[in-house]
Amino acid sequence: MAALIRMIAQRLALGVLTLFIVSVVIFFATELLPGDLASTLLGQAATPETVAALRRQLGLDLPAPVRYWNWLTSALQGDFGVSLANRRPIAELIAARLGNTIFLALYAAALAVPLALILGILAALWRNSVFDRAANAGALTAISFPEFFVAYILVLWLAQSGYFPSMVRISPVSTFGEKLYMAFLPALTLTLVVTAHMMRMTRAAIINLMAQPYIEMARLKGMSPLRIVLRHALPNALAPIINVIAINLAYLITGVVVVEVVFVYPGLGQLMVDSVSKRDIAVVQAIALIFASAYVLLNLTADVLSTLTNPRLMSKG
Amino acid sequence: MTHDLRKGALTRRGILQGATALGAAGLILPGSMRAARAEPQRGGTFRIGLGHGNTTDGYDPGLWDNLYAQVFAAARHNQLIEVDADGQLIGEIAESWESDDGKTWVFHIRQGVTFHSGKDVTVDDVIASLNHHRGEDATSAIKQFFDPVVEIRADGQSVVVTLDAPNGDFPYLMSDYHLAIMPGSDGKIDPTSTDGCGPYIVESFEPGVQASLNRNPDYWKPGRAHFDRVEILAILDSAARLNALMTGQVELIDQIDPATIGMLEARNVARIISIPGNAHYVFPMDSRAAPFNDNNVRLALKYAIDREDMVEKILGGHGAVSNDNPIGPANRYFYADMEPKSFDPDRARYYLRKAGMESLTVPLHVADAAFSGAVDAGALFAETARQAGINIDLVREPNDGYWDNVWMQKPFVASYWGGRAVEDHMFTTGYASGAAWNDSFWEHERFNELLVKARSEVDEDLRREMYQEMQRIVSFEGAVVIPMNNNYVMATALNIGTPDQISANWNLDGFRCVERWWMT
């Protein structure tokens, strides 16, 4: 157990270092993009004088390292500052959208993870059967279509006929039930996109174990195939499955901007895209750190859970 | 809402006669605009889905740059002067205005109007609102409007603006959408405040997502602001926007893909409104650099483009052919009888030979950021130009950073203009020598001379003559290919009522759909 705690502490420290490096890379990568906030905000209407005046007002005339240092020192004090573009507090801008993004990610995960596990286990159980082939073909088809295509098909079938709204309008006063109803189509789209990966990993991990001698022993004892899979194969297959689920959860938090656009879902992805295209560096930094933290924490969780499911690793330390 | 123009002979003729011409232009608008003629009634929630709106949008009037910001601003603010559906100036916060010499303009401020916060609108607020766009530190997109302004001062209940030279069209400039009247303190407005004196009061605003507004119970205008509530949603995806309208989640959408208009009409769930205005799509050339410094090359390119085909294919017929003329049919002095330029490869070849060339290869830099369909328009242009021995090398640029790295940087690009209500405004912004947005870097002595003269010309006929000569010069000697005027195309739910006349000055009824339209 002590080893586990040491590992968590080590990984968290490394995570902080990762976040720092990410912030440096993102800052200077944004610097490399042509134009800056002043010129993109004024767009076609920019003249040299107005751009210079706006730069002066926003502090963009300072050298890049100075601006990075200023950002870092206030961020370390928990102050992410205000959006340079519309002078709103970044914490406020992000808070609501982060909530929406996490809600959608958890919603999609709540649909996709059980579905993927059940399909994967059944496919492994009835290997090479019609069911196995159909589940594989269906999942691979869903993952092969671009997300926006899946989304449009769902809109055509389920929204234009009036079953579900094509546009998600979540407000702070929406009840949980309303939210589930309104966000159903984006959640379903994401479910279709991420299920295949998890399902195939579950199937492959279990099938891999089915050739082991101890499984043969269990079978010779006369156990039912389902009990063999659930009781003997699955616990040993958990480590790779957990890792795949963690990667997919991270994807659900960070990579769903296309789905957000199609369903007009106010999540972090759209905010990130807008902020990059307007070079609103303070907002870009804050969101990049959230995304990086999501990866760091989910990977850590996956590793901890894999360790916990493996008695050999647990008893060593 | 009468305006006192008695003292200003200069402006009376200019503005009133202009208005008549525009009224006549209104008669030829398509029939689809004239449906839904019920009497306005109060009530309902008006939900608008716009293909614009960023998470970076803010409240600073100097930085409003997209339709979302513009409609949201029109819903909560008033300006000094409003452009009505016929293109005439009517008083808003300025009850009336006058000038003796075109140089000193006096705007009489309407009394008894209050901001949403309850404060009275005063002369000081107006001056602070104007000064936000003026001066050394101004970051406003319309800062150059105020370059000729020498002084802005209060005189009782009036604001007096002094210019360095006469300009009969100055009130038109004061109708610009950036010039929202906001409460001032210590001579400055707060550019992070929502407070205004317009028809609706902001309840909530999430940039790039939605804005909700409720009717201002103390709004001063009679017969305006019919909805109880307005919600403005940013729906960037055009399919999502269309779906939202068809499934009844919004009552109005903008930017309809020409390919889907027929389908929408066939379903009979929405009304398509197509308004011809002054907006136009352009291909500016850098007239300082070879080969575009030779007018023969420019003319060759102008005859090598098939304008009719482009209106048909790029605009889906919702637009009109332009004769390389930045002045549109909704302008007062539009030169309708100018000799048209049809697609004529032989003529293009002739001009090419005159320039001493047998063939020509030029790169054309395009991105859909310039206008929707710009890449396809560039491809069409290349196709027709090939028949005239001109090889247009289409370079596809990224949307991101287009206005920084391509427009006014590369010698031959695509761009657009929203069009302007007055000729002087259009020419001064885009064609005058040294103007910040003179995107063809064009210098023409006679043109620049006429521009200054026409500004203060009192005689209506002479003024018309001058503006028509200028249009001819731009069309035949300018360095901008202007193939088409694009209509403003929008679609509403069937229960939305509109006035008979919808403004051609800007999109969505001059951004004023929120206060002019109603629910039937």
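This is a predicted model: local features need pLDDT of at least 70, side-chain atom pairs count only at pLDDT 80 or more; totals for chains, interfaces and linings use all residues.
Let's begin with the interface. On one side, 43 residues of chain A take part, and they are in contact with 48 residues of chain B. Together the two chains bury about 3,600 Å² between them, and 52% of that area is on carbon and sulfur atoms.

What kinds of links cross this boundary? Between chain A and chain B the count of salt bridges is two. In one of them, the side chain of Arg56(A) meets the side chain of Asp137(B), at 3.3 Å from N to O. Seven residue pairs are also found in polar contact across the interface of chain A and chain B.

Now look at which parts of chain A face its partner. Six helices of chain A, namely α2 (37-42), α3 (48-58), α5, α7 (147-159), α12 (257-262) and α13, each supply at least two residues of the side that touches chain B. Which helix gives the most to this side of chain A? That is α3(A), with six residues. By type, the residues on the side of chain A that touches chain B split into 19 nonpolar, 14 polar and ten charged.

Two packed helices are described by the angle between their axes and the distance between the axes. From α5(A), the contact is made by Leu93(A), Ile94(A), Arg97(A), Leu98(A) and Thr101(A), while α13(A) brings Leu268(A), Gln270(A) and Leu271(A). Sorted by type, the residues of this contact between α5(A) and α13(A) are five nonpolar, two polar and one charged.

Finally, chain B has some backbone details to find in its loops. In the loop between β15 (280-284) and α7 (295-303) of chain B lies Pro291(B). A cis peptide bond joins Ala290(B) to Pro291(B), with omega at about 0°. Further along, Phe441(B) sits in the loop between α12 (423-430) and α13 (445-455) of chain B. Its phi is near 50°, a positive value in a residue other than glycine. Phe511(B), in the loop between α15 (507-510) and α16 (513-516) of chain B, has a positive phi as well, near 70°.

Technical notes:
Residues are numbered from 1 along each chain as its sequence is written. Chains are lettered from A and ligands numbered from 1 in the order in which they are written. Side-chain values use heavy atoms; hydrogens and water are left out. Contact means heavy atoms within 4.5 Å. Helices (H or I, at least four residues) and strands (E, at least two) are DSSP runs, numbered from the N terminus. Ala, Val, Leu, Ile, Met, Phe, Trp, Tyr, Cys and Pro count as nonpolar, Asp, Glu, Lys and Arg as charged, and the others, Gly among them, as polar. Buried area is the accessible area (1.4 Å probe) that two parts lose on being put together, summed over both. A salt bridge is a side-chain nitrogen of Lys or Arg within 4 Å of a carboxyl oxygen of Asp or Glu. A polar contact is a pair of N or O atoms within 3.5 Å; within protein, one must be able to donate a hydrogen and the other to accept it, and residues adjacent in sequence count only if both atoms are side-chain atoms.
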